[in-house]
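Hello,

Here is the structure I promised to pass on to you.

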Amino acid sequence: MPSASLPAPLDPPVRTLLGPGPSDTHPRVLAAMSKSTVGHLDSYYLQLMDGMQQMLRSVFQTKNRMTFAVSATGSAGMEAAVVNVVEPGDSMVVCVNGVFGGRMADVAGRAGANVTKVERPWGEVFAVGDLKEAIAKAKPKAVGIVLAETSTGAWQPIEEIAAVVRESGAMLIVDAVTALGGLPVEVDRWGVDVIYSGSQKCLSCPPGLAPISFSDRALEGILARKTKVQSWYLDVSMLAQYWGSDRVYHHTAPINMTYGLYEALRLVLDEGLENCFARHRRNHLALKAGLAALGITYTAAQGHQLPMLNAVRVPEGIDDARVRGELLSRFGIEIGGGLGAFKGKVWRIGLMGYGSRPANVLLFLAALEQLLAEQGHQFDGGAGVAAANAAYSSTK
Ligand SMILES: *Cc1c(COP(=O)(O)O)cnc(C)c1O
């Protein structure tokens with residue numbers, strides 16, 4: 001007999017997720033996740049782990065042996081990167097120009113590091129010159145930086161900074177949570193020591209796994225630590241025994257999440273990394289053309305605007321919360337508001353992974369035009385959609 005007090009059956013609304021993550025899950029990923037659960041030491045599962053590691057090395061563009069997925073979200077990837085590399089009392093420099101650099105500094109402080117924050121205003125990126133002095137002074141064991149700062153929409157160039165960090169002997173830790181799958185991430189060529197991501201941004205998966213990769217140099221440093229890694233769950237020296245050839249039980253892997261990420265990585269590699277990046281760029285440029293026709297501008301400078309996360313200024317006189325609320329209630333579209341310094345002033349429009357499609361760009365612009373018109377914003381009706389269509393026609 002059904003209980004009167006039983007909560008309602010599960011029936012989530014179908015949304016179009018165009019925010020800072022999670023992004024829309026690819027239907028093939030959802031289908032993969034509904035397959036029969038096997039044991040975490042089943043030979044079938046062990047094969048999947050091998051395949052997943054191989055595909056993660058491809059998307060990270062690395063030969064790093066210790067490339068796997070942490071069983072938790074992107075923040076656990078961040079935590080795993082930091083707590084394995086730094087010991088209490090170590091010096092760490094963290095680049096902060098938005099929420100996620102700030103979070104990394106917090107994680108490092110909690111791990112007992114002496115943290116030096118190098119800061120840039122929100123929406124801006126770091127140049128080598130911003131770091132040289134801090135590195136000379138702090139002599140850090142590690143330097144942390146965010147490649148795609150999801151809170152500001154800024155695309156951080158890494159190559160030159162990586163060279164300077166390497167020269168100093170410090171380990172370079174890179175946050176690629178939003179970047180991976182949407183723009184080039186070249187771990188070996190850049191010389192990154194630890195890099196992590198998340199499943200729910202450009203990989204078209206639900207949240208729940210954090211791809212991560214440690215260079216051999218980083219691993220050697222971790223194995224030579226004087227103190228135990230303060231987190232049992234994230235200690236890579238123990239995780240290495242499960243992900244390595246020994247397959248020693250550590251924790252129960254989230255089997256069906258692994259199915260999802262496995263299928264998601266197959267999708268990315270089947271499309272081809274270059275094609276995948278080009279698709280993100282093309283949809284970004286069409287959205288940007290559409291927004292420009294509505295008088296809407298980006299927070300990051302030209303040349304540093306992320307293709308998968310469009311952070312734009314809310315037009316003068318427009319009610320930020322009302323637009324976002326009605327996008328969701330009337331059109332089923334979720335976008336993100338501003339965080340911290342950008343609260344109430346910025347919209348964050350994600351075109352990530354499976355969500356990066358012309359249909360989403362055109363649907364969003366059409367819905368936005370209607371809501372802006374209702375609030376008295378001045379623009380030529382239809383101009384946003386038309387500009388996006390024109391951008392698509394010119395980039396076949
Ligand atoms: C989303 C995000 C994170 C945190 O990932 P969660 O999956 O929310 O824990 C970290 N860094 C960046 C740049 C992000 O965009």
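This is a predicted model: local features need pLDDT of at least 70, side-chain atom pairs count only at pLDDT 80 or more; totals for chains, interfaces and linings use all residues.

**The ligand and its surroundings**

The ligand is surrounded by 13 residues, and the closest are Thr-73, Ser-75, Thr-150, Gln-200 and Lys-201. Sorted by class, that shell has 4 nonpolar, 6 polar and 3 charged residues.

For the polar atoms, you could begin with Gly-74, where a polar backbone atom is 2.9 Å from an oxygen atom of the ligand. Side chains take part as well. An N or O atom in the side chain of Asp-175 is 2.7 Å from a nitrogen atom of the ligand, and an N or O atom in the side chain of Thr-178 is 2.9 Å from a ligand oxygen. On its own the ligand has 380 Å² of accessible area, and the protein covers 89% of that.

**Aromatic rings**

How many aromatic pairs does the structure hold? There are 4 aromatic pairs. One of them joins Phe-68 and Phe-214, which are stacked, with 6.4 Å from centre to centre and 15° between the planes. Phe-68 belongs to strand β2 (residues 66–70) and Phe-214 to strand β10 (residues 210–214), so this pair ties together parts that are 146 residues apart in sequence. Both Phe-68 and Phe-214 are buried.

Another pair to look at is Trp-122 with Phe-342: the ring centres are 5.4 Å apart and the planes stand at 75°, so this pair is edge-to-face. Trp-122 sits in the loop between β4 (114–119) and α5 (128–138), while Phe-342 sits in the loop between β13 (336–337) and β14 (346–350), so the pair ties together parts that are 220 residues apart in sequence. Trp-122 is partly exposed, at 26% relative accessibility, whereas Phe-342 is buried, with a relative accessible area of 11%.

Ring pairs also link Phe-68 and Phe-214 with Tyr-242 and Trp-243 into a cluster.

Two charged side chains lie over ring faces. Lys-288 is over the face of Tyr-298, 5.6 Å from the ring centre, and Arg-357 is over the face of Tyr-354, 4.1 Å from the ring centre.

**Backbone details**

The peptide bond from Gly-21 to Pro-22 is cis, with omega near 5°, and Pro-22 is placed in the loop between β1 (16–17) and α1 (27–33).

Gln-61 is not a glycine, yet its phi is positive, near 55°. You will find Gln-61 in the loop between α2 (43–60) and β2, where it is partly exposed at 31% relative accessibility. Arg-247 likewise has a positive phi, of about 55°. Arg-247 is in the loop between α9 (236–243) and α10 (255–271) and is buried, with a relative accessible area of 15%.

Gly-153 is buried, with a relative accessible area of 2%. Gly-153 and Ala-311 are 158 residues apart in sequence, but their C-alpha atoms are 5.0 Å apart in space.

Conventions:
Residues are numbered from 1 along each chain as its sequence is written. Side-chain values use heavy atoms; hydrogens and water are left out. Rings of Phe, Tyr and Trp (its six-membered ring) pair if their centres lie within 6.5 Å; planes under 30 degrees apart count as stacked, over 60 as edge-to-face and the rest as tilted. Helices (H or I, at least four residues) and strands (E, at least two) are DSSP runs, numbered from the N terminus. Buried means under 20% relative accessible area, exposed over 50%, partly exposed in between (1.4 Å probe, protein chains only). A charge sits over a ring if NZ of Lys or CZ of Arg is within 6 Å of the ring centre and within 35 degrees of the ring normal. A residue is near a molecule or strand if one of its heavy atoms lies within 4 Å of it. A polar contact is a pair of N or O atoms within 3.5 Å; within protein, one must be able to donate a hydrogen and the other to accept it, and residues adjacent in sequence count only if both atoms are side-chain atoms. Accessible areas come from the Shrake-Rupley method with a 1.4 Å probe; for residues, only the protein chains shown count as cover. Ala, Val, Leu, Ile, Met, Phe, Trp, Tyr, Cys and Pro count as nonpolar, Asp, Glu, Lys and Arg as charged, and the others, Gly among them, as polar.
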